[in-house]
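This report is written for a reader who meets the structure for the first time. Please keep the sequence and the model at hand while reading.

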Amino acid sequence: MSRSIHPLVRDLYKRALLVGRDYPHPEGMDYVRRTWKAALRDPRNCPSCHGTGSACEREIRLAVGRGRHMVREMEGVVRLSKYRAMRRRYGGEETRLGRDAEERRIREAVEALSARQSSGNRKS
């Protein structure tokens with residue numbers, strides 16, 4: 001007899017695979033598929049799910065909630081990696097110019113302050 005997978009769990013797995021397409025890992029989709037399959041099959045994530053009943057349903061829903069949180073974490077990692085890639089490609093020069101201008105402004109302010117302090121020491 002084949003055990004069918006709960007519809008919420010199947011939906012969670014599909015969501016994870018959808019987000020996993022862009023997951024920044026050297027193994028890519030294989031890594032995401034392997035780790036999610038292992039997590040879904042691990043009995044520690046839902047210990048009483050070997051039986052049937054309302055307790056099992058409640059525990060499945062709690063585990064799916066934790067899984068959805070992990071999917072949102074994966075989405076955040078994907079967004080961050082895309083942002084960093086775009087920043088490397090398109091924002092590098094402007095960022096450097098802005099940083100150089102800021103450093104120059106700070107250096108001039110420090111020099112002006114030290115000039116004022118040294119001229120104040122000469123008057124004494």
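## Surface and basis of the model

The protein chain exposes about 10000 Å², and carbon and sulfur atoms supply 54% of that area; accessible areas come from the Shrake-Rupley method with a 1.4 Å probe, and for residues only the protein chains shown count as cover.

The model is predicted: local features need pLDDT of at least 70, and side-chain atom pairs count only at pLDDT 80 or more, while totals for chains, interfaces and linings use all residues. Residues are numbered from 1 along each chain as its sequence is written, and side-chain values use heavy atoms, with hydrogens and water left out.

## Overall architecture

The protein chain holds 3 helices and 0 strands. Its elements follow the order α-α-α from the N terminus. Helices (H or I, at least four residues) and strands (E, at least two) are DSSP runs, numbered from the N terminus.

Of the 124 residues in the protein chain, 19% are buried. Here buried means under 20% relative accessible area, exposed over 50%, and partly exposed in between (1.4 Å probe, protein chains only). Among contacts (heavy atoms within 4.5 Å) between residues at least 6 apart in sequence, 61% join residues at least 24 apart.

## Nonpolar cores

A nonpolar core is a set of buried Ala, Val, Leu, Ile, Met, Phe, Trp, Tyr and Cys residues joined through side-chain atoms within 4.5 Å. The largest one has 10 residues: L12, Y13, A16, L17, V19, V32, W36, V71, M74 and V78. Two or more of its residues come from each of α1 (7-20), α2 (29-41) and α3 (54-123). Helix α1 gives the largest share of this core, with 5 residues. Apart from it lies another core of 6 residues, including V9, C46, C56 and V64. In soluble globular proteins, nonpolar side chains tend to be buried together.

Which residues does V32 touch, not counting those up to four places away in sequence? The residues are A16, G20, Y23 and M74.

## An aromatic pair

Rings of Phe, Tyr and Trp (its six-membered ring) pair if their centres lie within 6.5 Å; planes under 30 degrees apart count as stacked, over 60 as edge-to-face and the rest as tilted. The whole structure contains 1 aromatic pair. The ring centres of Y23 and Y31 are 6.3 Å apart and their planes stand at 15 degrees, so this pair is stacked. Both residues are partly exposed: Y23 has 22% relative accessibility, and Y31 has a relative accessible area of 26%.

## Salt bridges

A salt bridge is a side-chain nitrogen of Lys or Arg within 4 Å of a carboxyl oxygen of Asp or Glu. By this rule the count is 7. D11, R15 and R68 are linked in a network of such bridges. R68 meets D11 at 3.8 Å, N to O. That pair links distant parts of the chain, with R68 in helix α3 and D11 in helix α1, 57 residues apart.

Another salt bridge joins E57 and R61 (3.3 Å, N to O). E57 and R61 are both in helix α3, 4 residues apart, and E57 is partly exposed at 27%.
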